[in-house]
Amino acid sequence: MESAAVSAVFEDLGGFGAVARQSEGPLVGHLQRANIQLASIPVFVAKGLADTTVNDLLDAAKVSRRTFYKYFQSKLDVLEGIYRTAVQLLLMRFREMRTDAGSTDAWLRAMVERFFDYHLAVGPIIRLMHEEALRTDSPLAAHRAEAHRELRALLEERFQGEGVRHAALTYQALIWALEATSLELLGKGGDMPLGEVKQVIGDLLVTTLCSRTT
């Protein structure tokens, strides 16, 4: 789980030993934050957010309390940083795929493929963060809302460029379908055939969005 999280969520931030390899210079703060976040992932997964303490995170990251509070205000602040990075990395991949995939329907199916592969590779930490983001009083909720806005804008830009307009709620409903299916796969629905899930959700997006009806 840890290696999957490192490669899928923090692929551009360095690893657990980054701070040890670079003890001085302008990247220290960035690497120290990444080190704490990386070390926190398996702790959150094992204990859950409610039962995880700051001391647990200190032990996992092997940093002092003073160092921890230099970069984070609380354990929830750490989780918020992980969530924000995970979301932005996925959105970045979707943007990159616009030119790589070719046709619009191929792009939609490629996004569905990447979305589920990404979520299943990272695993339980995604489910924990998503459930927290569904809480309206959580700071993660604002990042989830912003991610939805960015993804809607990305879809709207593509289809408007082709002269096709859809209601904003159409895009939003499809995003909700992606999220709900991911939660099922990461939870009790983990035995669902992944290939079939990707096919069905891909068909849903293509059928709904690639119609020429305005």
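At what angle do helix α7 (residues 104-122) and helix α9 (residues 139-161) pack, and how far apart are their axes? In this predicted model, in which local features need pLDDT of at least 70, side-chain atom pairs count only at pLDDT 80 or more, while totals for chains, interfaces and linings use all residues. Residues are numbered from 1 along each chain as its sequence is written, and side-chain values use heavy atoms, with hydrogens and water left out.

The two helices pack at an angle of about 165 degrees, and their axes lie 11 Å apart; here axes are lines fitted to C-alpha atoms, for helices over the stretch in contact, and angles run from 0 to 180 degrees between N-to-C directions. That angle makes α7 roughly antiparallel to α9, given that angles under 35 degrees count as roughly parallel, over 145 as roughly antiparallel, 65 to 115 as roughly perpendicular and the rest as oblique. The crossing of α7 and α9 is left-handed, a term used if the near helix is turned anticlockwise from the far one by less than a right angle, with right-handed used if clockwise. On the α7 side the contact (heavy atoms within 4.5 Å) involves Thr104, Trp107, Leu108 and Met111, which meet Leu154, Leu155, Arg158 and Phe159 in α9. The residues of this contact divide into 6 nonpolar, 1 polar and 1 charged, where Ala, Val, Leu, Ile, Met, Phe, Trp, Tyr, Cys and Pro count as nonpolar, Asp, Glu, Lys and Arg as charged, and the others, Gly among them, as polar.

The protein chain as a whole contains 11 helices and 0 strands, both being DSSP runs numbered from the N terminus (helices H or I, at least four residues; strands E, at least two). Of its 214 residues, 45% are buried, where buried means under 20% relative accessible area, exposed over 50% and partly exposed in between (1.4 Å probe, protein chains only). Among contacts between residues at least 6 apart in sequence, 68% join residues at least 24 apart.

A search of the whole structure finds 4 aromatic pairs; rings of Phe, Tyr and Trp (its six-membered ring) pair if their centres lie within 6.5 Å, and planes under 30 degrees apart count as stacked, over 60 as edge-to-face and the rest as tilted. The rings of Phe115 and Phe116 have centres 5.2 Å apart and planes at 85 degrees, so this pair is edge-to-face, and both residues are buried. For Phe159 and Tyr171, the ring centres are 6.4 Å apart and the planes stand at 40 degrees, so that pair is tilted. The latter pair links distant parts of the chain, with Phe159 in helix α9 and Tyr171 in helix α10 (residues 168-186), 12 residues apart. Phe159 is buried, with a relative accessible area of 1%, and Tyr171 is buried, also with a value of 1%. Elsewhere, ring pairs link Phe68, Tyr69 and Phe72 into a cluster.
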